[in-house]
Amino acid sequence: MGFKAREGGGLLDFLHAPPSAHITSDGCVLRPSHRRCPSGGHSTNGPYSPFPIFPSPPSLHERDGKTAARGGGETHRARAAASRRGSDHHGRAGARYEVKRWLRRSSSYSSPSPDLQAEAKALRRKEGASGLRLASDRPAATVAGFRRARDSAAAASDMPSFPSSGASPQKQQHNARRRQLIRQQRKSLPIASVEKRLIEEVRKNDTLIVVGETGSGKTTQLPQFLYDAGFCQDGKVIGITQPRRVAAVTVAKRVAEECNDQLGKKVGYSIRFDDSTSNATRIKYMTDGLLLREALLDPLLSKYSVIVVDEAHERTVHTDVLLGLLKKVQHSRSIYANKNGKILPDIQDQSQYFTLKACQGTKIDPLKLIIMSASLDAKCFSDYFGSAKAVHIQGRQYPVDILYTYQPESDYLDATLVTIFQIHLEEGLGDILAFLTGQEEIESLDRLIQERARQLPPQRSKIWTTPIYSSLPSEQQMNAFKPAPAGTRKVVLATNIAETSVTIPGIKYVIDPGMVKARAYNPVTGMESLIIIPVSKAQALQRSGRAGREGPGKCYRLFQESEFDKLVDSTVPEIKRCNLANVVLQLKALGIDDIIGFDFMEKPSRTAILKSLEQLILLGALTDDYKLSDPVGRQMARLPLDPMYSKALIVASEFKCLEEMLIVVSMLSVESIFFSPREKLEEARAARKSFESSEGDHITLVNVYRAAKECLEKSKNANAKEKTMEKALNRWCRENFINYRSLRHACDVHSQIQGHVQQMGLNVSSCGDDMVLFRRCLTAAFFLNAAMRQPDGSYRALATSQSVQIHPSSVLFQKKPDCAIFNELVRTSQNYVKDLTRIDPVWLAELAPQYYATED
Ligand SMILES: Nc1ncnc2c1ncn2[C@@H]1O[C@H](COP(=O)(O)OP(=O)(O)OP(=O)(O)O)[C@@H](O)[C@H]1O
């Protein structure tokens, strides 16, 4: 007997310039002194000249073509490296630097150069004499008192810092000084001198596109200008969306402080699973995904007077869907509100009936929309919003020197390591921000830095590394925003979550290896994967913009200048390279039925949309006539998870094993739970064995979670305090080669999703040790991801007929089951499936008859 799946089942010119370039009002690009503008134009931070900026960017087609030509998959990395190796490094003018290999050859730093020794002595003297923190001293800047900006920023990360009535006189004095500094700093931002004209433009135009260089003050200042101009009258709110949670949180904290108010009052933020707003909140920072969810409850987004879509150049899938939705909302609000701002009583438009009915009687004004970024293709956005006006805010606060390597660097991780120490040993004070592609790279570089740092001579200042990536629990992400201890240089190891919007206090040096981990999707096979590819010019510009925010900065690009010119202008919108099931489900839940006809800024391929519709029907979220099913589809749309995971929770409630499925979904939502340091591979393997289930990885994860919980219970029973319990868990993780951070994150996700399912009234019960029942449930949930062993020992993914291999990290790697379900398909040198559970193939036809039939 065999089984088969059933049938049917243009960027602006200035992007090419270093970020310290300026565009003058005649549109001319100015670069730093060694590159004079031919027309002799000059840049100023001063006069603001709003003008529509419509250069001719490369057509989308051309850009896509370029992207395609760079190829796909991990091979990008090799190809990029190969092309760097082969490229000409006799440079054009531009700063270059050498990544000094001596650091690698030398096993210790016992004889630092005499001038380094002198520097170390001087620093010690300075610290001893003044008690100044090493990393807090800043080069003099244009703003009076800016030398202390670091101190203020440092305090900002320990928010809230405004005086309580009982604050000591010193504290009050400190706070007063800090407030004055912030006022001065705000006044010196390029955007400050154009406040009035900017507000005029917002009043005149319903949609405005604002382009301004990184650090010019868009994110923190514009919402405050709007507030001061009266856009929050009648209790209305200014909403600012960010593609990333960390940006929404840190910017809200900063703006609350600038307003001298407590976070959560006038200024707040709202991100998935974390809301810091109140009825008093008028300036609300949030993720774009969160605003989409709000639209499910308030389809006209009636509480907002203005919505600012920040960092729109990122073109995340949420940004793109949001832009389409906002366009629709803007239209509805302008035509359905009567003169008094009330929704018209007589609703003619049937397609809008439910949306408008829900808002009848609400006071509603036209919605102002502002699209913002330092690096966006203004024409493209303007066209989408019916020739909307675009304005450019000139100037940046501080220059950033861009340095390229003389030589191509074939190993960017190694080059990053060397550059970190090169800066540490040769450059002045200031913290370092290095961009890497993911948690694994960050953790291995972190270990290497610690190793090397131990070899530094004792008189050198120390290095403090702090990671920041999306799956890191938020309290740990916030460490990156804290000041380094005295006599220490902070080195922030970040993924692209720190690429836009954020100001990390103390950062003077940015290291950009020029690589990023990005999603890729093949709509024909339905295969989604993560690949490492070169960044776009827009991303490189954003990265360099993280320096030069508190004083002049430097950005070390770990590639040659000729390579920069070859980068694509902007990132391919995520909507064109991801599985759309989630987007389609959200749109359906928003009452948008015609997905193919939806006004996307850039339409995803028809095949990709059809594929996701098909997937949602198979999961039971849509009916056969493509309508949202009730209750399954509605429940799935409410859960902030990938549709397949949402379905797994609903199915598990029926199978009475929701407790176990909650664990699995949480553990799969974070980065690798196990860690295996290269030097202790055997020990790590042995430790892992104690959790392993011969049935597969899902049950293994359940075992880890249960064991961790037992460890916590033990210390709880011994009446340990919370801190001691955490320490015990941390120790247990180290002993068992479990990644403590990932486990902690999984616990957070677990309690949050549990809250959701309980609210939905799902039955949270456990199947105990009945793992056959649990495996059957996994089959019913993940039947679309099933693989069968072939006579030659390889595997075939049943849904796509692709040949795949079991990933070596799976407990089933050696066991070679006949049939298994899996959760992830990774494309490296070949197609690997990860996170597997052995199943009986008969279960497929039994539990997913809509998709599988037995072959006679
Ligand atoms: N948390 C903070 N701590 C210290 N200074 C800050 C902080 N946030 C912002 N600033 C200051 O305000 C300036 C403007 O920041 P803002 O985020 O508004 O700029 P932006 O134009 O939106 O930049 P980007 O395009 O990079 O997001 C920064 O360059 C920095 O000097």
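**Ligand shell and buried elements of the predicted model**

By class, the shell around the ligand comprises three nonpolar, 10 polar and six charged residues; here Ala, Val, Leu, Ile, Met, Phe, Trp, Tyr, Cys and Pro count as nonpolar, Asp, Glu, Lys and Arg as charged, and the others, Gly among them, as polar. The structure is a predicted model, in which local features need pLDDT of at least 70 and side-chain atom pairs count only at pLDDT 80 or more, while totals for chains, interfaces and linings use all residues. Residues are numbered from 1 along each chain as its sequence is written, and side-chain values use heavy atoms, with hydrogens and water left out.

The shell holds 19 residues, of which K218, T219, T220, R546 and R549 come nearest to the ligand; a residue is near a molecule or strand if one of its heavy atoms lies within 4 Å of it. Helix α8 (residues 218-228) provides the largest share of the shell, three residues. Helices (H or I, at least four residues) and strands (E, at least two) are DSSP runs, numbered from the N terminus. Domain 1 (177-392) and domain 2 (400-572) each contribute at least three residues to the shell, the domain bounds being taken from an automatic or database domain assignment.

A backbone N or O atom of G215 lies 2.8 Å from a ligand oxygen atom, and a polar side-chain atom of K218 lies 2.8 Å from an oxygen atom of the ligand. For T220, a side-chain N or O atom is 2.5 Å from an oxygen atom of the ligand. Of the 630 Å² of accessible area that the ligand has on its own, the protein covers 96%. Accessible areas come from the Shrake-Rupley method with a 1.4 Å probe; for residues, only the protein chains shown count as cover.

The chain contains 29 helices and 26 strands, and 58% of its 856 residues count as buried. Buried means under 20% relative accessible area, exposed over 50%, and partly exposed in between (1.4 Å probe, protein chains only). Helix α17 (residues 537-544) is largely enclosed by the rest of the structure, because eight of its eight residues are buried.

Strand β16 (residues 488-494) is also mostly covered, with seven of its seven residues buried. In a regular strand the side chains alternate between the two faces of the sheet. In β16, T488, K490, V492 and A494 point one way, whereas R489, V491 and L493 point the other way. Strand β14 (residues 431-435) pairs with β16 in the parallel sense over four bridges, and I432 stands opposite V491 in β16. Two strands pair if DSSP finds at least two bridges between them. Strand β15 (residues 462-468) likewise pairs with β16 in the parallel sense, over seven bridges; P467 has L493 in β16 as its bridge partner.

Strands β18 (residues 515-522) and β19 pair in the antiparallel sense over eight bridges, with S529 in β19 as the bridge partner of A520. The hairpin of these strands has four residues between them, and G526 takes a positive phi near 75°. Six of the eight residues of β19 (residues 527-534) are buried, so this strand is largely enclosed by the rest of the structure.

Technical notes:
Polar contact = N/O pair within 3.5 Å; in protein donor to acceptor, adjacent residues only side chain to side chain.
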